[in-house]
Amino acid sequence: APVKMAPSEVVAEKAKTFAASASEAPLDARVKDRSAWIEAHKNKEPPANSSEASLDARVEDRSAWIEAHKNKEPAASTSEASLEARVEDRSNWISKFQTAKA
């Protein structure tokens with residue numbers, strides 16, 4: 001016969017099945033996991049493209065990205081592309097899709 005468990009016991013047992021980094025995991029497991037992550041990363045410099053990086057590092061990173069991309073034509077599927085390029089790209093996609101369905 002099945003073992004009867006209180007709802008809180010069912011929840012506690014189910015929580016044990018989640019990864020320690022998941023919000024559904026038991027609090028003790030989440031605290032231990034997060035503490036280990038903090039310990040492993042506390043002395044590392046964050047990537048320059050992250051919000052945790054210093055403003056100077058982010059400006060330098062973004063400036064380098066702009067310099068590398070300022071003379072490139074944006075992909076036709078992006079909002080930065082000209083309207084004509086986006087219309088042509090979308091029309092080609094629709095034509096290809098309609099041909100595939102036919």
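This note sets out numbered points on the predicted model shown above.

1. **Basis of the model.** The structure is a predicted model in which local features need pLDDT of at least 70 and side-chain atom pairs count only at pLDDT 80 or more, while totals for chains, interfaces and linings use all residues. Residues are numbered from 1 along each chain as its sequence is written, and side-chain values use heavy atoms, with hydrogens and water left out.

2. **Secondary structure.** The protein contains 4 helices and 0 strands, and its pattern along the sequence reads α-α-α-α. Helices (H or I, at least four residues) and strands (E, at least two) are DSSP runs, numbered from the N terminus.

3. **Overall dimensions.** With 102 residues, the protein has a radius of gyration of 25 Å, well over the 13 Å of the globule rule, so it is more spread out than a compact globule. The radius is taken over C-alpha atoms, and the rule is 2.2 Å times the number of residues to the power 0.38. Along the principal axes, the C-alpha atoms fill a box of roughly 65 × 50 × 15 Å.

4. Of the 102 residues, 6% count as buried. Here buried means under 20% relative accessible area, exposed means over 50%, and partly exposed lies in between (1.4 Å probe, protein chains only). A contact means heavy atoms within 4.5 Å; among the contacts with a separation of 6 or more, residues 24 or more positions apart account for 0%. The protein exposes about 9,000 Å², of which carbon and sulfur atoms supply 56%. Accessible areas come from the Shrake-Rupley method with a 1.4 Å probe, and for residues only the protein chains shown count as cover.

5. Val 3, Met 5 and Val 10 form a nonpolar surface patch with about 290 Å² of accessible area together. Patches are made of residues with over 30% relative accessible area and no salt bridge; like charges are joined within 9 Å, and nonpolar side chains (Val, Leu, Ile, Met, Phe, Trp, Tyr) within 5 Å. Val 3 belongs to the segment before helix H1 (7-15) and is exposed, at a relative accessible area of 71%.

6. **Salt bridges.** Side chains of opposite charge can pair when their charged atoms come close. The structure holds 3 salt bridges, each defined by a side-chain nitrogen of Lys or Arg within 4 Å of a carboxyl oxygen of Asp or Glu. One of them joins Lys 16 and Glu 13, at 3.1 Å from N to O; Lys 16 is exposed, with a relative accessible area of 56%, whereas Glu 13 is partly exposed, at 41%. Another links Lys 42 with Glu 39 at 3.2 Å, N to O, and Lys 42 is partly exposed at 49% relative accessibility. Glu 67 and Lys 70 also form a salt bridge, their closest N and O atoms being 3.2 Å apart; Lys 70 is partly exposed, with a relative accessible area of 48%.

7. A search of the whole structure finds 1 aromatic pair. The ring centres of Trp 93 and Phe 97 are 5.4 Å apart and the planes lie at 0°, so the pair is stacked. Rings of Phe, Tyr and Trp (its six-membered ring) pair if their centres lie within 6.5 Å; planes under 30 degrees apart count as stacked, over 60 as edge-to-face and the rest as tilted. Both residues lie in helix H4 (residues 83-101), 4 residues apart, about one turn of the helix. Trp 93 is partly exposed, at a relative accessible area of 43%, and Phe 97 is partly exposed at 42%.

8. **Loop between H2 and H3.** Pro 47 is located in the loop between helix H2 (27-41) and helix H3 (55-69) and is exposed, with a relative accessible area of 51%. Its C-alpha atom is separated by 8.6 Å from that of Ala 57, 10 residues apart along the chain. Ser 50 is found in the loop between H2 and H3 but counts as buried, at 13% relative accessibility. From Ser 50 to Ala 75, 25 residues apart in sequence, the C-alpha to C-alpha distance is 24 Å.

9. **Loop between H1 and H2.** Ala 22 sits in the loop between H1 and H2 and is buried, with a relative accessible area of 17%. The C-alpha atoms of Ala 22 and Arg 90 are separated by 39 Å, the two residues being 68 residues apart along the chain.
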